[in-house]
Amino acid sequence: MHSIVRAALAAATLGLAGAALAQGSTMDEIARYREMLADGNPAELLEVKGEGLWKKARGPKNASLEQCDMGLGPGKLEGAYAQLPRYFADTKKVMDAESRLVHCMVSLQGFTQEEATKNWYSKPGRDSDIEALITYIGAQSNGQKINVPARHPEEARMAAIGEHIFYRRSGPQDFSCAICHGQEGKRIRLQELGNLTTQAGAGTAMGNWPSYRVSQGAVWTMQRRLIDCMRQARWPEPSYLSDSIIALEVFLQKTATGTVMQTPGIKR
């Protein structure tokens, strides 16, 4: 009887070891696949389109976005994305890259808010100007350090709200962001879940967006990714450009401050 139990335990141990090896091998293959794509990231095509849209005169005012102030002065994009979200005195609000871009499309080009955000994300057969522009803007911070210290009182307030959202359990599954992203070594199936409470983990998560998602065949922005995370957690889905998403970005960017951006990235 004891020999049967020992044999069963040995078989179970071998099975677990085999599964771990297989999983490790699969993750290695995924990593190699990402490296191969990085040499010709499809997001680079969208970046080129975004540059064209940035410089093109459009909208009721027939103006370009070249005077848009993303936080470093009109038209200055190098390093701007890495320092967002931030407080803007002209709107008296903390804004991320996407809300600031839409503000410029409205104030400089004359689009209505509805017109500017109508196609804020792409679908098969339908491109998104927002995604193209954000890919271009984000790429101008490639290699720059994230710098969102949240020192302004409004930035600090939003960071605190974002932290509360991160840890708050809600929805029919009683989920929070921290359940998936508050510890080391967690995963869902083959998907590794980064620990966003650490500088390194938050940096890996935040520093690659906007990013080309292989599984979707499209570039996603940070807003789209966070909104989709909340949808998957069965939370009420926030509206695009909502303060709750921007607050969560402030908290995560503050945590990631000091890490280096590598965007546009590639995700599963």
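In the predicted model, Lys-92 occupies the loop between strand 1 and strand 2 (93-95), where its phi is near 55°, a positive value in a residue other than glycine. With a relative accessible area of 62%, Lys-92 is exposed. A positive phi of about 55° is also found at Asp-174, although Asp-174 is not a glycine; this residue belongs to the loop between helix 6 and helix 7 (177-181) and is partly exposed, its relative accessible area being 37%. Most residues other than glycine have a negative phi, and most peptide bonds are trans.

The chain as a whole contains 10 helices and seven strands, and 43% of its 268 residues are buried. Of the contacts between residues at least 6 apart in sequence, 66% join residues that are at least 24 apart.

Among the helices, helix 3 (residues 97-107) and helix 5 (residues 129-139) have axes that come within 11 Å and cross at roughly 115°, and the two helices are therefore roughly perpendicular to each other. The crossing in which helix 3 passes helix 5 is right-handed. On the side of helix 3, the contact is made by Ala-97, Glu-98, Leu-101, Val-102 and Met-105, which meet Ile-130, Leu-133, Ile-134 and Ile-137 of helix 5. Sorted by class, this contact of helix 3 with helix 5 comprises eight nonpolar residues, no polar residues and one charged residue. Helix 3 is mostly covered, with eight of its 11 residues buried; the buried residues of helix 3 are Ala-97, Glu-98, Ser-99, Arg-100, Leu-101, Val-102, Cys-104 and Met-105.

Arg-58, in the loop between helix 2 (43-55) and strand 1 (86-88), has contacts that include Met-105, Asp-129 and Leu-133. Further contacts of Arg-58, leaving aside neighbours within four places in sequence, are with Leu-53, Ala-63, Gln-109 and Phe-111. Arg-58 counts as buried, because its relative accessibility is 13% and the cut-off for burial is under 20%.

Gly-162, located in helix 6 (residues 153-167), is likewise buried, with a relative accessible area of 0%. Although Gly-162 and Ile-245 are 83 residues apart in sequence, their C-alpha atoms are 7.8 Å apart in space. When residues up to four places away in sequence are not counted, Gly-162 touches Ala-247, Leu-248 and Phe-251.

Three strands form an open sheet of mixed pairing, in the order 6-5-7, with strand 6 (218-220) and strand 7 (265-267) at the edges, each pairing on one side only. Direction ignored, neighbouring strands of this sheet are turned by 35° against each other on average. Strand 5 (residues 211-213) pairs with strand 7 in the parallel sense over three bridges, and Arg-213 stands opposite Lys-267 in strand 7. Helix 9 (residues 222-232) lies across strand 5 and strand 6, and runs at about 85° to strand 6.

Note on methods. Residues are numbered from 1 along each chain as its sequence is written. This is a predicted model: local features need pLDDT of at least 70, side-chain atom pairs count only at pLDDT 80 or more; totals for chains, interfaces and linings use all residues. Side-chain values use heavy atoms; hydrogens and water are left out. Axes are lines fitted to C-alpha atoms, for helices over the stretch in contact, and angles run from 0 to 180 degrees between N-to-C directions. Helices (H or I, at least four residues) and strands (E, at least two) are DSSP runs, numbered from the N terminus. Angles under 35 degrees count as roughly parallel, over 145 as roughly antiparallel, 65 to 115 as roughly perpendicular and the rest as oblique. A crossing is left-handed if the near helix is turned anticlockwise from the far one by less than a right angle, and right-handed if clockwise. Contact means heavy atoms within 4.5 Å. Ala, Val, Leu, Ile, Met, Phe, Trp, Tyr, Cys and Pro count as nonpolar, Asp, Glu, Lys and Arg as charged, and the others, Gly among them, as polar. Two strands pair if DSSP finds at least two bridges between them. Buried means under 20% relative accessible area, exposed over 50%, partly exposed in between (1.4 Å probe, protein chains only).
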